[in-house]
Amino acid sequence: MEAPLTTILRLPERPPRLDSPRLSNNSQVNFVACQLFALFAAFWFRIYLSPGKTSPDVRHAFATIFGIYFVIFCFGWYSVHLFVLVLMCYGIMVTASVSSIHRYSFFVAMGYLTICHISRIYIFHYGILTTDFSGPLMIVTQKITTLAFQVHDGLGRRAEDLSAEQHRLAVKVKPSFLQYLSYLLNFMSVIAGPCNNFKDYIAFIEGRHMHMKLLEVNWKQRGFQSLPEPSPTGAVIRKLYMTLVSLLLFLTLTKTFPVTCLVDDWFVHKANFLTRLCYLYIVMQASKPKYYFAWTLADAVNNAAGFGFSGVDKNGNFCWDLLSNLNIWKIETATSFKMYLENWNIQTATWLKRVCYERVPWYPTVLTFVLSALWHGVYPGYYFTFLTGTLVTVAARMMRNNYRHYFLSSKALKVAYDVVTWVVTQLAVSYTVAPFVMLAVEPTISLYKSMYFYLHIISLLIILFLPVKPHAHIQRQPQTLNSVNKKKKD
């Protein structure tokens, strides 16, 4: 999924479209300069403003000041929108009751974001702007709503009614103004994300982040004689290497297969169906490197500051993927629509799950896709993608539940199943995300007509004629502590 052909700068879900004809050189330079400066600032922050040398308040203040400077540098007066939203939602945080704080914060943040999306595109006409401030606004919206729900869980709900994850992330004390600003506007994530949990961020600022993660995995059983001090340097170097490779791929592959090819007369009217199928896949593959570049660089910035440690793997290696937004290997080898989505824009998927999918009482899949589309913006193409995604997700789940068990009896059958499902998944994703790229109704319909709406038709036939197997469904609602204790008593 990529940004519009007219994009200036859209993050984190839509990294900057560097090949846009309307993308100013200044915008490119500003974004890259900010992220590179943030990388150096992150190393300095970790070394010279470490928790052992400075107080949490000093670390909060410097992280906030740097973040505010980056936002103003990149977006000028448009950054006012960001500050207005933050101040409004802090007012809700300190004045609203804990039983309603999550609702007010969610509707104000999403409402303000939607108004900005509409005004930026349909009132001020997107193409005349030199920068697009919606990226940081989208990130802040995620953080505002995440924190509001976690405060509600910690202060407005009984512990036994929470799932294990909700209990772990619940915030028991409302944040101070400095903590609130630092969490939302810190220089490590204000430009390119990703979203993270308030308790993890506070633990990082106070110097408890790594030790807390090590205690979770029981470091003594991992072979360590004393509590280790993991260094992020190796992880940062690997991620910067991947960033460089992604940049090179963008400059070659993406330039060779631009999205505009999908509306060419040759593609729409002259190429045969198989050629269109393959070419669509190639074009969508070529659109990925800029996402890999932006998200991996953002991850490296956080790691360089010492944030993002997730524990120790089974081989005893330190892991720095707490804030990773994608798993490239799993994306490129995904054998199901679900597996693909779980490894693409991971932090946004996690946010959608925690504030919507696990909490709404009806139609969780549909409402989650609608929220995702609304969060992205108001281009019709987004809604084509997410509504098609809903259809494909349901159909894929039914196919898997009905037929996968037939292919598990031997290794050869399992390999054949994996190869076929890999091909089907990659083609289905390319078909589904094409409107996200094309944005408007006319080119989307033109593309789908040239593809005979094949995936829509197949998905509908599967949903209509395959039997539903309830026993194969995964339980949606997370187990609460109360339900766990009840099972123990039984």
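Select Arg-59 and Phe-204: the charged end of Arg-59 sits over the ring of Phe-204, 5.0 Å from its centre. A charge counts as over a ring if NZ of Lys or CZ of Arg is within 6 Å of the ring centre and within 35 degrees of the ring normal. The model is predicted, and local features need pLDDT of at least 70, side-chain atom pairs count only at pLDDT 80 or more, and totals for chains, interfaces and linings use all residues. Residues are numbered from 1 along each chain as its sequence is written, and side-chain values use heavy atoms, with hydrogens and water left out.

Next, select Lys-143 and Tyr-183. Lys-143 lies over the face of Tyr-183, 5.4 Å from the ring centre. Tyr-183 is one of the buried residues of helix α7 (residues 177-185), which also include Tyr-180, Leu-181 and Leu-184. Buried means under 20% relative accessible area, exposed over 50%, and partly exposed in between (1.4 Å probe, protein chains only). Helices (H or I, at least four residues) and strands (E, at least two) are DSSP runs, numbered from the N terminus.

Now display the neighbours of α7. Its buried residues pack against α2, α3 (79-95), α5 (134-156) and α8 (198-206).

Move to the surface and select Trp-44, Ile-47, Tyr-48, Val-58 and Phe-62. Together they form a nonpolar patch with about 450 Å² of accessible area, computed by the Shrake-Rupley method with a 1.4 Å probe. Helices α1 (25-48) and α2 (56-75) each supply at least two of the residues, and α1 gives the most, with 3. Trp-44 is in helix α1 and is partly exposed, at 34% relative accessible area.

Finally, turn to the aromatic rings. The whole structure holds 42 aromatic pairs, in which rings of Phe, Tyr and Trp (its six-membered ring) have centres within 6.5 Å; planes under 30 degrees apart count as stacked, over 60 as edge-to-face and the rest as tilted. Select Tyr-431 and Tyr-454: their ring centres are 4.9 Å apart and their planes at 75°, so the pair is edge-to-face. Tyr-431 lies in α19 (residues 411-438) and Tyr-454 in α21 (residues 454-465), so the pair ties together parts 23 residues apart in sequence. Tyr-431 is buried at 0% relative accessibility, and Tyr-454 is buried at 17%.

Key:
Patch = residues over 30% accessible without salt bridge, like charges linked within 9 Å, V, L, I, M, F, W, Y side chains within 5 Å. Salt bridge = Lys/Arg side-chain N within 4 Å of Asp/Glu carboxyl O. Contact = heavy atoms within 4.5 Å.
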